[in-house]
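Thanks for coming. I will go through one structure piece by piece, and you can follow along on the screen.

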Amino acid sequence: MKLMLRYVRRHLGMFFTAISFLCIEAMADLLQPTFMAHIVDEGVKAADISTILRYGLIMVGIAAAGAVGAVMRNIYASRTSQTIGMELRGDIYRKVQTLSFENIDHLQPASIITRITNDVTQIQEFINGCMRIMIKAPITCVGAIILIIVQTPRQIPVMAVILVIAAVLIAANMKLGYPRFGNLQRKLDRLNNVSREFLSSIRVVKAFHAEAQEQEKFESASQELAGAGISAMRVMAVFAPLINLAVNMGIVVLLWISQNRQAAEIGRLMASVNYMTQVLFAIGMVSNILNTAVRAIASSERVSEVLEQTPAQKAPERPATQPIRGGICFEDVSFAYADAGKEALSHVTFWASPGETIGIIGPTGSGKTTLVNLVPRFYDATSGRVLIDGMDVTQIESNRLRTAVAVVPQKALLFSGTIEENLRWGKQEATPQQLREAARTACAESFIEGTEKGYDTLLGQGGVNLSGGQKQRLALARALVRDPQVLILDDCTSALDADTEAAVLKGLRRRAAGMTVLLISQRIATVMRADRILCLENGNVMGFGTHDELMEACPTYRAIYASQIGGGCDE
């Protein structure tokens, strides 16, 4: 609730404007039965047309005021709730951008998406409901009870019993509903995760004809969500009719007590029954909005978990300011992912001088990608230090560090938009000539110019209208546009044929002169011409040196060489 109150305080003006119009609407609803009683008791009984017309016109005026109040209340309530929803989503999105990979891994991307969409919608609907129903219901309920007592004072015991029963039922409803609605949101997380995984891997699923297995996973998650929803809604299904029954029994008791009343008081009796009906609707509205509140509170806690996350990586208190030239040094670095059973890297030590190219090779799962992720500080080392030009990366501002480091990931990630817009992610102010030079170096210019619109060609989400090799070359060109001091190439030529890869590497050697390059590859022919090579296995350094040095001293490197090239060490 604290989260919702914090956002409501930002818009108290609109909130109280909505409440003011709501009060006008509620008062109009409460006054109608009283004037109807006057029409019956004073006008109809005496056959006084003027009295009937006078009170009738008053009722029309009250109804008109109530209608205006309802319309204005809806306008301001919708505007307030939609604005708060927009701000919540924006704050979550901005918060996520400040979090480290470790935080994202903990929260899980699918769950974050659910919190930005569904959970914020639950909060938004509750705030809207508060201004439309929650505050109106108590006003209507209290006002109706007071007017019942004024009209028929003998109904006080009946009203007291009804209110006690309704309060007990509503409290039980909230107590039983809260954990069920929280579980409902968690099941929705799982369904979103299964759906996201399937959609992002749909080509692999179809290639392996694994639709049946994925359908089974989806149905399992969907059934769990349905079961959680049924469990939560069952609470509402039980308590809502019980509350209605309690109030309707009160109406029956009211009519039974009033069975001997004189005809002169029939108008008051009608008014009392009408007010009792309003009490019924008011309690029903309170019950419904409290059910919404249970969901909103559960969602609020999930949203608060994101907003209150403390980034796993601390900003430096005294950021280093010396220029970044690109020298890299790992000093006895170990790293383990959260909740992992063992270290992904263990006591890694190596160095790269500015402008040097370091090849990184090793079996799958040896820790190559994990190692390079420590350089731009996507993760922080568990122990040891990662240094750039003698500065600990934890003491360099992240924006400055990542401006100096360009990463070409193993899986080329492109965004919806034109080819030029994707290349400008490297540097927004890059000139057309710089874009073309980067594309030429990455051997991407030929296929770009071969498209109908060239650099203005629109790419689908993730670059779905490009081949794997084309996406890798665009991702490489995007990194080169930045002209960084450190260039990390994470097996980014794996989808290229041998001739294209050779041309790309030749262009890179020319363009990357002066850059420190960390070149990860599964192909020994790709790394063997690097200045030095780091050979990893199971997170451990098996060798570090030139190709010839590793062929002599590193059995793991020799085994990789023999499996790919065979024979001796001729180049």
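Let me begin with Asp332, which is found in strand S1, residues 328-335. Helices (H or I, at least four residues) and strands (E, at least two) are DSSP runs, numbered from the N terminus. Before going on, a word on the source: this is a predicted model, where local features need pLDDT of at least 70, side-chain atom pairs count only at pLDDT 80 or more, and totals for chains, interfaces and linings use all residues. Residues are numbered from 1 along each chain as its sequence is written, and side-chain values use heavy atoms, with hydrogens and water left out.

Back to Asp332. Its phi is near 50°, a positive value in a residue other than glycine. Most residues other than glycine have a negative phi. Asp332 has a relative accessible area of 40%, so it is partly exposed. On that scale, buried means under 20% relative accessible area, exposed over 50%, and partly exposed in between, with a 1.4 Å probe and protein chains only.

Gln108 also has a positive phi, near 75°, and is not a glycine. Gln108 sits in the loop between helix H4 (101-107) and H5. With a relative accessible area of 43%, Gln108 is partly exposed.

Next, helix H1, residues 2-9. Its buried residues are Leu3, Met4, Tyr7 and Val8. Why are they on the same side of H1? Because they cover an arc of only 130° around the axis, taken from the directions from the helix axis to the C-beta atoms. Lys2 and Arg9, on the other side of H1, are exposed.

In helix H9 (residues 211-257) we find Glu214. Is Glu214 buried or exposed? Its relative accessibility is 16%, so Glu214 counts as buried. Leaving aside neighbours within four places in sequence, Glu214 is in contact with Phe198 and Val205, contact being heavy atoms within 4.5 Å.

Now the sheet. Six strands form an open sheet of mixed pairing, in the order S6-S9-S10-S3-S11-S12. Two strands pair if DSSP finds at least two bridges between them. Strand S6 (405-408) and strand S12 (540-545) are the edge strands, each pairing on one side only. Direction ignored, neighbouring strands of this sheet are turned by 15° against each other on average. Helix H16 (residues 468-482) packs on the sheet and touches S6 and S9, and its direction makes about 175° with that of S6.

Within the sheet, strand S9 (residues 486-490) and S10 pair in the parallel sense over five bridges, with Val486 opposite Thr516 in S10. Strand S3 (residues 357-361) has four of its five residues buried. S3 runs parallel to strand S10 (residues 516-520), joined by four bridges, and Thr357 stands opposite Val517. Four bridges also join S3 to strand S11 (residues 532-537), again in parallel; there, Gly359 has Ile533 as its bridge partner.

Note on methods. Axes are lines fitted to C-alpha atoms, for helices over the stretch in contact, and angles run from 0 to 180 degrees between N-to-C directions.
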